[in-house]
Amino acid sequence: MSAATGSARTAALAGCPRPRTVPLGEATTSAAPPAHRTEAEHEPVAVDGAEPDGSADPGDGPLSARERAELTARIDELETEAGQLREALTSRPVIDQARGMVMALAPCDAETAWQVLVRVSQHSNVKLRSVAAALVSGAEGTAVPKPVRKHLATALREVRTEPGRGAGSGPPDRRGSRGQR
């Protein structure tokens, strides 16, 4: 957990006041102050339920137990989502490499290669990013786990033997004949 998230959770659980809602007309479009401004030149910010001029906003009081629980749950959801997104960003290049390898081995198009990786992942009960990592590391000399190797061989054999399939061909039409309407 980051320090910013931790401090937000601590503040929420400590009963700090809710953030003030800004009416649409008062919202600014600038996400960051101009680079030439120093910290001291920033506009005043409300602290502890008080307006920058020192007066209290009547709608800002401590959070209720229900609001704290909702806020904590939302923070947990956002932390989980952020972690999943970070993991997706780091695993995407490996998945793309594995897709390219499948395209070269089958030969097939990118969509079919993706379907092969998904099928291998599902049949071997291994996460797709782990299947991709195993395939890429296998090309570098590391042994590919037996369930992944077995299901990959089966999927590649099926792609190679499908009638009308060749390098650059797209997935078959669902009606059974390609391109006829």
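User: Which residues of helix 4 are buried?
Analyst: In this predicted model, Leu-128, Val-131, Ala-132, Ala-134, Leu-135, Val-136 and Ser-137 of helix 4 are buried. Buried here requires a relative accessible area under 20%.

User: What covers the buried residues of helix 4?
Analyst: The cover includes helix 2, helix 3 and helix 5.

User: How do you know that the span of helix 4 agrees with its number of residues?
Analyst: Helix 4 has twelve residues. At 1.5 Å a residue they should span 16 Å. The end C-alpha atoms lie 17 Å apart, so the two values agree.

User: Which residues make the contact between helix 3 and helix 4?
Analyst: Helix 3 supplies Trp-114, Leu-117, Val-118, Val-120, Ser-121 and Ser-124. Helix 4 supplies Leu-128, Val-131 and Leu-135. By class, seven residues are nonpolar, two are polar and none is charged.

User: Which residues of helix 3 are buried, and what covers them?
Analyst: Thr-112, Ala-113, Val-116, Leu-117, Val-120, Ser-121 and Ser-124 are buried. Helix 2, helix 4 and helix 5 are included in what covers them.

User: What does Val-120 contact beyond its neighbours within four places in sequence?
Analyst: Val-120 is in contact with Val-131, Val-148, His-151, Leu-152 and Ala-155.

User: How many residues are in the largest nonpolar core, and which have the most contacts inside it?
Analyst: The core has 21 residues. Val-102, Val-116, Leu-117, Val-120 and Leu-152 have the most contacts inside it. Helix 2 (65-105), helix 3, helix 4 and helix 5 (146-161) each give two or more residues to this core. Helix 4 gives the largest share, six residues.

User: Why is Asn-125 called exposed?
Analyst: The relative accessible area of Asn-125 is 72%. Exposed means over 50%, so Asn-125 qualifies. Asn-125 sits in the loop between helix 3 (110-124) and helix 4 (128-139).

User: What is the phi of Asn-125?
Analyst: Phi is near 55°, a positive value in a residue other than glycine.

User: Which residue with a positive phi follows helix 4?
Analyst: Gly-141 follows helix 4, with phi near 110°.

Definitions and conventions
Residues are numbered from 1 along each chain as its sequence is written. This is a predicted model: local features need pLDDT of at least 70, side-chain atom pairs count only at pLDDT 80 or more; totals for chains, interfaces and linings use all residues. Side-chain values use heavy atoms; hydrogens and water are left out. Helices (H or I, at least four residues) and strands (E, at least two) are DSSP runs, numbered from the N terminus. Buried means under 20% relative accessible area, exposed over 50%, partly exposed in between (1.4 Å probe, protein chains only). A nonpolar core is a set of buried Ala, Val, Leu, Ile, Met, Phe, Trp, Tyr and Cys residues joined through side-chain atoms within 4.5 Å. Contact means heavy atoms within 4.5 Å. The expected span of a helix is 1.5 Å times one less than its number of residues. Ala, Val, Leu, Ile, Met, Phe, Trp, Tyr, Cys and Pro count as nonpolar, Asp, Glu, Lys and Arg as charged, and the others, Gly among them, as polar.
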